[in-house]
Every structure is written in structure tokens, then in C-alpha cells.
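Visitor: I have a model open and want to learn how to read it. Can we go feature by feature?

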Amino acid sequence: MVFTKRSVRLSAAAAAATIAGVVGLTPAVSAAEEVNIYSYRQPELIKPLLDAFTQETGIKTNVVFASKGLAERMKAEGENSPADLLMTVDIGRLQGAKDLGVTQPVDNDTINANIPENLRDPEGHWFGLTTRARVIYASKDRVDQDSITYEELADEKWKGRICTRSGQHVYSIGLFASMVAHHGEEETEQWLTAVRDNLARKPTGNDRAQVKSIYAGECDISLGNTYYMGKMQTNEKDPEQKEWAESVRILFPNSDDRGTHVNISGMVLAKHAPNHDNALKLMEFLSSGEAQEIYAAKNFEYPVLETAEASERVKGWGDLNPDPISLDVIAKNRKIASELVDRVAFDDGPAS
């Protein structure tokens, strides 16, 4: 596949077709002043960022988007892959790209200075760009407390009052892996069992669907990522979501002790990047305070650089004290967390 002079949007189906050989692969074409990005993030979410990079450097960016299958596509393309950079979200997906062997390590002083050590791979295969917190959405009408812990979700006072998405979703696994890291496998299994029995129903839907359930009175609290609040508050296409958002407030778990679990959006350098030097320039730019503020504001997330600021809307949700644990540790505990979800039949919902 040869990139054109405009961004290209591919559906997941098209990406899968490419892997299967329905769309033929052609040798990668290297150009002096361009960089090719495979992105799991929708083009409109990264366009302001890439436009700023092009304006600053003169290097053109080409984007292929798919909701899934891009890392596998890179694997199938091998040395012929035109991809220079992969942009995705969640430590599970970033580590997954590394495990597939489609990344290469980067040891760059600028990037290392901008990205905190706990938010990048110790071997330089992935780097965080923004963070999102896994928080509690709480009913304004039915929940009086202003603080909470993840551990408290196992308390019987929440019986029949919690909603969440599937325990096997990557966002859930990240949180559960952090519990394993802090408490060990046995204690986390007991905790997951108790949380399961406090659920109002079987896990279903996405994070926004849980807030809708709070609005409808089906539960009182839910687990969700912070940025969904921004997406609901600004949703002009489905304005009823503004009402859902207005019915809840965000509680940042464990703010007074170890901190709230955070995950990342991030980047990796492709193993066979044909525009290697331009890709490094883009990575340096993406790690800068200027770029992080643009990226975080567009996606209602938090910059990872301490000197960069979150948007006023995000600040308005309250103070985030992030758990400083290395996401590399989280990645290493994901398999155990997934096994525990199945072991306690978390997705079957509360035991009768």
C-alpha cells in the first residue's frame, strides 16, 4: 500500500482484509519529508496535534485508522510495512504491540526527559502521552460521600448499587491488575468476588452506558474513565448524554493514600519504520508540553508532563492524585487479572 498525500481512513474490516491479502501489500515507500501513522485513535482526535507538527517542521503526516487489527497488520506486512508510528490507548494494547514484535526501542534524551519513567517501557518500546483515570461516577442524589477507595467497593453497603462494563475489557483489566500489584492475587480474588456480588446487574455496555444507568436509577455508582465525562458534557449529537453527565459527579478513588489508577494513550516506533528520522522527530514533538496540552484537551485527558496543564473542563472535575506505580508492573499483572475475572465469574454478575 502506498500512502497518498492525504490522510487515509480505513475501517477495521478493510484492515482485516489487508491482512488476509485481499488488499495487496506493496513495498514501503520512504519519503524525506513525511511520516506514516497507524492509529487506533480516530483521525479527528489527533488531527490538531499532527497539524501543529507539520506547521512546525514541514513534515507531512499520513494516517491510517482502524478500530482494531493494526498491530496484527504490521506483523503481517513485516519489512514491507509503511508504518512509522503506531498510536493507541491502554497499556494492554501498547504492551501487546511490543509482544507481537512490531516495535523497536527508542532511547532519546528529549523523550525520556518529557515522559515520566513510570509511564514508559523500561526498554523503550512504548511511551505514554496522556493519562486517563479509572474513577467512580457517583449519583449526586443518592451518594453523599465525597471520597472513596477501590477497596471500599467490596463493602456490603454498595450491594446492588454498582454498575460496570465487562471485567475482561482492557480498561477493567488495567484496574484489576493494579489491585493485584498492590494487594496480591489472593486478596484481589476475594475483592473481585465481593465487588461482583455488589453489582446491580451483569456487566454490560460501555462506560457511558453505566452513567446512563445511574441516571435511570438502576445503580448509584459506576466505574469509568474520566474522559467520558467530557464526551458526555459536550455531546451535541446525543444531547441526552448531557443529562446523564449532570446526574453524577466524579470521585477519585484512593486520593488520600496511594492515588487513583491511571492508564495511558501512547505511541510506539514501528520495527521497520521507513521514515525513521522523521518518526523520531514526531515522537519528540508528541512528548513536548505543547503537543501534550493539545492532545489532552482534545480528548479530555491529562498530560503526562508535569509542567503541562489539563484543560479547564478537566480541572473542573477535581484534583487527580495519580497512582505512581509503573505501568510496566500493571502490564505484567494483566494475565493474572484476566484469569481472576474468569475464576470468580465476574461477568456473570452477582451470585444469587
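Visitor: Which residue in β8 is the bridge partner of Ile162?

Guide: Ile221 is the bridge partner. Keep in mind that this is a predicted model. Two bridges join β7 (residues 162-163) to β8, and these strands run parallel.

Visitor: Which way do β6 and β8 run?

Guide: They run antiparallel. Five bridges join β6 (residues 127-139) to β8. Within that pairing, Ile136 stands opposite Leu223.

Visitor: How should I read the side chains along a strand?

Guide: In a regular strand, side chains alternate between the two faces of the sheet. Now take β8, residues 221-225. Ile221, Leu223 and Asn225 point one way, while Ser222 and Gly224 point the other way.

Visitor: How many residues of β8 are buried?

Guide: Five of its five residues are buried. That includes the residues pointing either way from the strand.

Visitor: What about nonpolar side chains in general?

Guide: In soluble globular proteins, they tend to be buried together. Here the largest nonpolar core has 76 residues. Those with the most contacts inside it are Leu86, Met87, Leu153, Ile221, Met283 and Leu286. Apart from it lies another core, of 25 residues, with Cys163, Tyr171, Trp244 and Phe252 among them.

Visitor: Which residues does Leu153 contact, leaving aside neighbours within four places in sequence?

Guide: Its contacts include Ile221 and Leu223. Ile136 and Ile162 are also among them. Other contacts of Leu153 include Trp158, Trp191 and Asn198.

Visitor: Next, a helix. Which residues of α3 are buried?

Guide: In α3 (residues 70-77), they are Leu70, Ala71, Arg73, Met74 and Glu77. Look down the axis: these buried residues fall within an arc of 155°, so they line one face of the helix.

Visitor: What follows α3?

Guide: Gly78 follows, with a positive phi near 60°.

Visitor: Which residues other than glycine have a positive phi?

Guide: Asn254 is one of them, with phi near 60°. Phe300 is another, at about 55°.

Visitor: Where does Asn254 lie, and is it buried or exposed?

Guide: Asn254 sits in the loop between β9 (248-251) and β10 (262-270). Its relative accessible area is 2%, so Asn254 is buried.

Visitor: Where is Phe300, and why does it count as buried?

Guide: Phe300 is in the loop between α12 (289-299) and β11 (302-303). Buried means under 20% relative accessible area. Phe300 counts as buried because its relative accessibility is 14%.

Note on methods:
Residues numbered from 1 in each chain as written. Predicted model: local features only at pLDDT ≥ 70, side-chain atom pairs only at ≥ 80, totals over all residues. Heavy atoms only, no water. Helix = DSSP H or I, 4+ residues; strand = E, 2+ residues; numbered from the N terminus. Buried < 20%, exposed > 50% of the residue type's maximum accessible area, 1.4 Å probe, protein only. Core = buried A, V, L, I, M, F, W, Y, C linked by side-chain atoms within 4.5 Å. Contact = heavy atoms within 4.5 Å. Pairing = 2+ DSSP bridges. Arc of directions from axis to C-beta.
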